[in-house]
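Here is a briefing on one protein chain. Look at the sequence and the structure first, then read the points below.

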Amino acid sequence: MMGAADKAELGFEEEDDMAAGTPPPARKMQSLDFEHIGSLAAVAESLSPRSKWRMTLRSIRIVIFQAKINVLLPFGPLAITLHYLSGNHQGWVFLFSLVGITPLAERLGYATEQLACYTGPTIGGLLNATFGNATEMIISIYALKNGMIRVVQQSLLGSILSNMLLVLGCAFFAGGLAHPNRDQVFNKASAVVNSGLLLMAVLGLMFPAVLHFTHSEAHYGKSEVSLSRFSSCIMLVAYASYLFFQLKSQRSLYSPIGEEEESTEDEEDEKEIAQGEAISWLFVLTIWISILSGYLVDAIQGASESLNMPLAFISVILLPIVGNAAEHASAIMFAMKNKLDITLGVAIGSSTQISMFVIPFCVVIGWMMGEEMDLNFQLFETATLFITVLVVAFMLQEGTSNYFKGFMLILCYLIVAASFFVHVDPKSSDNK
């Protein structure tokens, strides 16, 4: 007698199955093989050149043509064209570069958000810290190469003021109008930590200024630079510790209110482009912003003279509007959706990034370049930052927001803007 194994080996199992009226398993395997071959064919088709070309066109349509703000993109090439034309066009070159960078900054923020969908919260936080303020960092590095240290200081200060007063104020105001019958609530613990970091940044900026203006330096002209470099390294360590603390160590304590109720379907819906496409767009947009930033920085001085506008006003008010275009749009959008924790992460979190990461980073980069970039932002600018941090900290201490708080923050920003319009740097600091 042959066993079942012997029958199967000699091919008699199929005959027994047919005799019993059951289909042979070989046919089942054959159907499974067809399904497997079909899935492999689908994968092969997705990897074909034609499919890759379709995916590329789809990515271009989403990133370039889907956003309405991209109608401003032609102003970039127009600024470059004006730069090489004869005649005094510095004012127009500056304005067109400013307008041309605005949609690029917004799309850079979009590409960063898309990449963060694939990386998880920890790496996503690092990406936002790096690319969220990439426009400000690129403009600052170009200005540092040209020795325009005051432009670097004032543009970064202006970005902090713009985020804390204008961006947050508009978000609170729009969110309050969208939800007029109740106060909106956010995580107070996270806001308090950010306020503490901003006060630490004020501490780091205040001592070099006080040291300089009280003439109490041990080595005149060198002590404030040495103190600034040491403080910058400490601030970078503090910011790295803050990222670890909030994103890794105490993540549950500082998670947004109601996060548990949100499903992962929202995150899936937010994925509009592939991970590789997001990385490619980050690379392309960063290069294009770098090119336009060079023309923008070259035209700042001439624009100040031709537009009859103080350099401090251009640096503190106009330049940050470009860098904060992405933050401004997304903060208002999330506030109207009643996601105040994300709004605070965008506005206050961005201010914290600039004060505790970008400014110290620029000091270190200037140190490598041989430029004496320091944390002495002058008394007027340091006092403005200190009062602004206090005002915003008082606004956030209750953990609630409404349209009246937003309106007050916007009015405070108008006062700050007017102050810098009539402010002129001391002549002694022109070489800094």
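Of the contacts in the chain with a separation of 6 or more, 83% join residues 24 or more positions apart; contact means heavy atoms within 4.5 Å. This is a predicted model, in which local features need pLDDT of at least 70 and side-chain atom pairs count only at pLDDT 80 or more, while totals for chains, interfaces and linings use all residues. Residues are numbered from 1 along each chain as its sequence is written, and side-chain values use heavy atoms, with hydrogens and water left out.

**Overall make-up**

- The chain holds 18 helices and 2 strands. Both are DSSP runs numbered from the N terminus: helices are H or I with at least four residues, strands are E with at least two.
- Of the 432 residues in the chain, 48% are buried. Buried means under 20% relative accessible area, exposed over 50%, and partly exposed in between (1.4 Å probe, protein chains only).

**Nonpolar core**

- The largest nonpolar core has 103 residues. Such a core is a set of buried Ala, Val, Leu, Ile, Met, Phe, Trp, Tyr and Cys residues joined through side-chain atoms within 4.5 Å.
- Phe94, Leu168 and Leu396 touch the most other members of this core. Helix 9 gives the core its largest share, 15 residues.
- In soluble globular proteins, nonpolar side chains tend to be buried together.
- Beyond its neighbours within four places in sequence, leucine 396 contacts Leu168, Phe172, Phe186, Lys188, Ala191, Ser195, Leu344 and Ile348.

**Helix 5**

- Helix 5 spans residues 75–84, and its buried residues are Gly76, Ala79, Ile80 and Leu82.
- Seen down the axis of helix 5, these residues fall within an arc of 160 degrees, so they line one face of the helix. The arc is taken from the directions from the helix axis to the C-beta atoms.
- The cover over the buried residues of helix 5 includes helix 6 (90–119) and helix 13 (275–306).

**Salt bridges**

- The structure has 3 salt bridges. Each is a side-chain nitrogen of Lys or Arg within 4 Å of a carboxyl oxygen of Asp or Glu.
- Glutamate 381 and arginine 150 form one of them, at 2.8 Å from N to O. Glutamate 381 lies in helix 17 (residues 378–396) and arginine 150 in helix 9 (residues 149–178), so the pair ties together parts that are 231 residues apart in sequence.
- Glutamate 381 is buried at 1% relative accessible area. Arginine 150 is buried too, at 6%.
- Arginine 107 pairs with glutamate 106, with the closest N and O atoms 2.8 Å apart. Both residues are buried.
- Lysine 405 bridges to glutamate 398 at 3.4 Å, N to O. Lysine 405 is buried at 10% relative accessible area, whereas glutamate 398 is exposed at 53%.

**Buried sites and their partners**

- Leucine 319 sits in helix 14 (residues 311–323) and is buried at 5% relative accessibility.
- Leucine 319 and glycine 158 are 161 residues apart in sequence, but 7.9 Å apart in space, C-alpha to C-alpha.
- Apart from neighbours within four places in sequence, the contacts of leucine 319 include Phe94, Leu98, Val151 and Ser155.
- Methionine 373 lies in the loop between helix 16 (340–369) and helix 17. Its relative accessible area is 0%, so methionine 373 counts as buried.
- Methionine 373 and glutamine 153 are 220 residues apart in sequence and 8.5 Å apart in space, C-alpha to C-alpha.
- With neighbours within four places in sequence set aside, methionine 373 contacts Leu144, Ile149, Val152, Gln153, Cys362 and Val363.
- Serine 290 is part of helix 13 and is buried, with a relative accessible area of 18%. Neighbours within four places aside, serine 290 contacts Ile138 and Tyr142.

**Cysteines**

- There are 0 disulfides in the structure. A disulfide is a pair of cysteine sulfur atoms within 2.5 Å.
- Cysteine 233 is partly exposed, at 34% relative accessible area. Cysteine 362 is buried, at 1% relative accessibility.
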